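Good morning, colleagues. Please have the sequence and the structure open while I speak.

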Amino acid sequence: MIARDAISLAVIILAGTGGELAVTRTMKQVGEVKTFYPHHLLRVIGRAFRIGWMWLGLALMTISFFSLLMVLSWENVTLVVPVTALSYVIGAFGGKFLLGEHIEMRRWLGVVLVCLGVLLVCIG
Amino acid sequence: MSFRHRLHGKTIFLIALMAVFGALGDVLLRKGMEQVGAVSSLHPAALLSTFERTFRSGPIWLGISSLLLFFLAYLLVLSWADYSYVQPASATGYLFVAVLGYLLLGEVVPRMRWVGVLVICLGVLLVGGTPPRTTEEG
């Protein structure tokens, strides 16, 4: 793998999971949604979009998406394999160290199995 | 009903919605783009015509609506559940993509892919056995 690919891969994964972590932070700040009436949901969405982290999250997810498109224009789709599989592990580390989530052994095992399964699905 | 059970119920419900709408969106977009046809040239006129055909396609709009519902369910579930719970659990979407691709698009799903889907489901079962929320409220 050439340096250009490695850098793009890192950007796709880090911006992608970083964006999702920022969106998660936003929604924790909004607080647990307890009722699902449409007018209540609209208020929740409105509140989320007034939090800076939401915009940071969307910006990072957009960067990740367009880097992926860019990479796909010069590499074939096999590059998507490490991206999708690694994201689960990186995401779990992000949840632990950036959001303070507690990941017990059973959850780690689950994450690793999901990661392996995604690898199999992509090469299958 | 205990606090933990209440969270488990609505978490599983929303993750199921995410998996179904995510997969449906994916399959509909693919079906739509199949109808639109491959992008044959990067000439502006050709791109414009592809763009126009894309946005006149029913499946494309259904796919986009599906993905919006997916994102709504995603936001809602993250208002209480851990990211490290939701992210792996939503990989159940791969199961629905395989099943929908097989049933709706008539795709042949290789055996290796079914094995992968099975391994994902085992992983999701393990993650699903942990409490959805491990951080403090507020």
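This is a predicted model: local features need pLDDT of at least 70, side-chain atom pairs count only at pLDDT 80 or more; totals for chains, interfaces and linings use all residues.

Let us start with Cys115(A), which sits in helix H5 of chain A. Is Cys115(A) buried or exposed? Within 10 Å there are 23 other C-beta atoms, and the threshold for burial is 20 or more, so Cys115(A) is buried. Setting aside neighbours within four places in sequence, Cys115(A) contacts Ala85(A), Tyr88(A) and Val89(A). By way of a distance in the chain, Cys115(A) and Trp74(A) are separated by 41 residues in sequence, and their C-alpha atoms lie 25 Å apart in space.

I turn now to the packing within chain A. Helix H4 of chain A covers residues 80-99. The axes of H4(A) and H5(A) come within 9 Å of each other and cross at roughly 170 degrees. Angles over 145 degrees count as roughly antiparallel, and H4(A) and H5(A) are therefore roughly antiparallel to each other. Which residues make this contact? From H4(A) they are Val80(A), Val81(A), Thr84(A), Ala85(A), Tyr88(A), Val89(A) and Ala92(A). From H5(A) they are Val111(A), Val114(A), Cys115(A), Val118(A), Leu119(A), Cys122(A) and Ile123(A). By class, the contact of H4(A) with H5(A) comprises 13 nonpolar residues, one polar residue and no charged residues.

The next helix pair spans the two chains. Helix H5 of chain A, residues 105-123, packs with helix H6 of chain B, residues 111-128. Their axes are 7 Å apart, at an angle of about 165 degrees. H5(A) and H6(B) are therefore also described as roughly antiparallel to each other. The crossing of H5(A) and H6(B) is left-handed. In this contact, 18 residues are nonpolar, four are polar and three are charged.

Finally, I consider the contact between the chains as a whole. How many residues does each chain give? Chain A contributes 35 residues and chain B contributes 30 residues. On the side of chain B that touches chain A, the elements giving two or more residues are helix H3 (58-78), helix H4 (83-89) and H6 of chain B. Of these, H6(B) gives the most, with 12 residues. The residues on that side of chain B divide into 18 nonpolar, nine polar and three charged.

To close, H5(A) packs with H4(A) in chain A and with H6(B) in chain B. Thank you for your attention.

Conventions: Residues are numbered from 1 along each chain as its sequence is written. Chains are lettered from A and ligands numbered from 1 in the order in which they are written. Axes are lines fitted to C-alpha atoms, for helices over the stretch in contact, and angles run from 0 to 180 degrees between N-to-C directions. Helices (H or I, at least four residues) and strands (E, at least two) are DSSP runs, numbered from the N terminus. Angles under 35 degrees count as roughly parallel, over 145 as roughly antiparallel, 65 to 115 as roughly perpendicular and the rest as oblique. A crossing is left-handed if the near helix is turned anticlockwise from the far one by less than a right angle, and right-handed if clockwise. Ala, Val, Leu, Ile, Met, Phe, Trp, Tyr, Cys and Pro count as nonpolar, Asp, Glu, Lys and Arg as charged, and the others, Gly among them, as polar. Two residues are in contact if their C-beta atoms, placed from the backbone, lie within 7 Å. A residue is buried if 20 or more other C-beta atoms lie within 10 Å of its own, exposed if 12 or fewer, and partly exposed in between; C-beta atoms are placed from the backbone.
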